[in-house]
Structures are given as C-alpha cells and as structure tokens.
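Subject: Handover of a protein model

Dear colleague,

Please find the structure below, handed over for your study.

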Amino acid sequence: MLAPTRAALQASSGMHRSHEGLVLWLGRTLGADTLVLTVTAPPTEHRQDGVFVAEPAVAAAARAARSIGLGLVAQVHSHPGGDTQHSDGDDRLILMPFEGMFSLVVADYGQGSLMPTHGAGLHQYQHGQWVYITNDALRVVPAVTRIGTFH
C-alpha cells in the first residue's frame, strides 16, 4: 500500500515535483483497528498549494469500494515543504468525513515519509473535528503475498 500511495502522490507533481497529490485508502474498520487493503487515486485538480477532489469522484470511489466489501477509510495527501499539520482548508475540504476516519499528510509533495514516526502527519476525525495523532496509531504490516504449503 505504501509504494502505490507514494507513486500516486508523486504522479500529481510530474517532472517538476511541485504539485500536491491525493489518494484514498480503502479497507475495513474492525473494532478499534483500521485495515487498509488497497489504494485508489481519483481524478483531482492539483497545483502547488492545494489539491481538490470533486464529490462525485469520492462517491464513485466509495461505491467501487463497497462493491468489493470495503469502504473509504482514509485520505492521504501531500503538502509542500515539511509541514504535515492539517491546514484550515484541509479541515474544511475533506469530503464526507466520518467518526474515526484518518487523514495522512506527506511532506515535500509526496517525497517525505509516509510514516508518522518519520515526519508524516496523522490526523483522525474525532467528535466532529480533526485531531492530530501523536502516538504510534499507524502501524504498517507487510501484506502476505504468498502462502506456502504446510505438511
């Protein structure tokens, strides 16, 4: 999930590394755990100081996720420079936030780390507002790509 996320964020910048990007993480919420299983990159309007996705594109991604038993669980977007805090615009412009949804902000137009312990900003929608998460709430577990035969 990390490699496709980084690739999609950086694809918004093109060769100039100067545009913000956005992807949606799809998965499932099981109790207190959110499992991210795949990534989708909806069409966006992007520029140096912002990235915007239209509501119909988010709705289409959510419908596609539901068709395979998943849901939209997080938004990931990039910022210029090293600031990975939510801007006022980030707080207002995230479409269809829901209790427990995550928002991950990656520095330097997607060149920065995707891990909060290395600079990414992890935010969660709690009680009607976005809260900056400072603990180790994001853990990445490598996906199982091959299951061997057991004797």
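**The cavity inside**

The largest cavity holds about 30 Å³ of space. A cavity is a set of points, on a 1 Å grid over the protein atoms alone, where a 1.4 Å probe fits but cannot get out. Grid points are joined across faces, edges and corners, and a volume is the space filled by probe spheres set on the points. The structure holds one cavity of 30 Å³ or more.

Please note that this is a predicted model, in which local features need pLDDT of at least 70 and side-chain atom pairs count only at pLDDT 80 or more, while totals for chains, interfaces and linings use all residues. Residues are numbered from 1 along each chain as its sequence is written, and side-chain values use heavy atoms, with hydrogens and water left out.

Which residues line the largest cavity? They are Leu24, Val53, Val58, Leu72, Gln75, Leu95 and Met101; lining residues have an atom within 4 Å of a point. By class, six are nonpolar, one is polar and none is charged. Here Ala, Val, Leu, Ile, Met, Phe, Trp, Tyr, Cys and Pro count as nonpolar, Asp, Glu, Lys and Arg as charged, and the others, Gly among them, as polar.

Helices (H or I, at least four residues) and strands (E, at least two) are DSSP runs, numbered from the N terminus. Val58 counts as buried because its relative accessibility is 4%: buried means under 20% relative accessible area, exposed over 50%, and partly exposed in between (1.4 Å probe, protein chains only). The C-alpha atoms of Val58 and Met96 are separated by 8.4 Å, although the two residues are 38 apart along the chain.

**The overall fold**

The chain has three helices and eight strands. Along the sequence they follow the pattern α-β-β-β-β-α-β-α-β-β-β. Of the 151 residues in the chain, 38% are buried.

Six of the strands form an open sheet with the order 2-1-5-6-7-8 and mixed pairing. Two strands pair if DSSP finds at least two bridges between them. In general, strands of a sheet pair through backbone hydrogen bonds, either parallel or antiparallel. Strand 2 (33-40) and strand 8 (129-132) are the edge strands, each pairing on one side only. From one strand to the next, the twist averages 30 degrees; for such angles, axes are lines fitted to C-alpha atoms (for helices over the stretch in contact), and angles run from 0 to 180 degrees between N-to-C directions.

**Strand 5 and its neighbours**

Is strand 5 largely enclosed or largely open? Seven of its eight residues are buried, so strand 5 is largely enclosed by the rest of the structure. Strand 5 runs antiparallel to strand 1 (residues 22-30), and six bridges join the two. With strand 6 (residues 102-106), strand 5 pairs in the parallel sense over five bridges. Gln75 of strand 5 stands opposite Leu24 and also opposite Ser103 in strand 6. From strand 5 the chain passes through helix 3 to strand 6, in a right-handed β-α-β crossover. Right-handed means that, with the strands pointing away from the viewer, the path from the first strand over the helix to the second runs clockwise.

**The second largest pocket**

The second largest pocket has a volume of about 320 Å³. A pocket is an open set of grid points with protein on both sides within 12 Å along at least five of seven lines. Among its 18 lining residues, Val51, Phe52, Gly89, Asp90 and Leu93 are the closest to its centre. Strand 4 (50-52), strand 5 (71-78) and helix 3 (88-93) each give two or more residues to this lining. The lining has eight nonpolar, six polar and four charged residues.

Strand 7 (residues 121-126) and strand 8 run antiparallel and are joined by four bridges. Gln124 stands opposite Val131, and Tyr125 stands opposite Trp130. Their hairpin has two residues between the strands, and His127 takes a positive phi near 50 degrees there. His127 is exposed, with a relative accessible area of 72%.

Asp108 also has a positive phi near 50 degrees, in a residue other than glycine. Asp108 lies in the loop between strand 6 and strand 7 and is partly exposed, with a relative accessible area of 28%.

Yours sincerely
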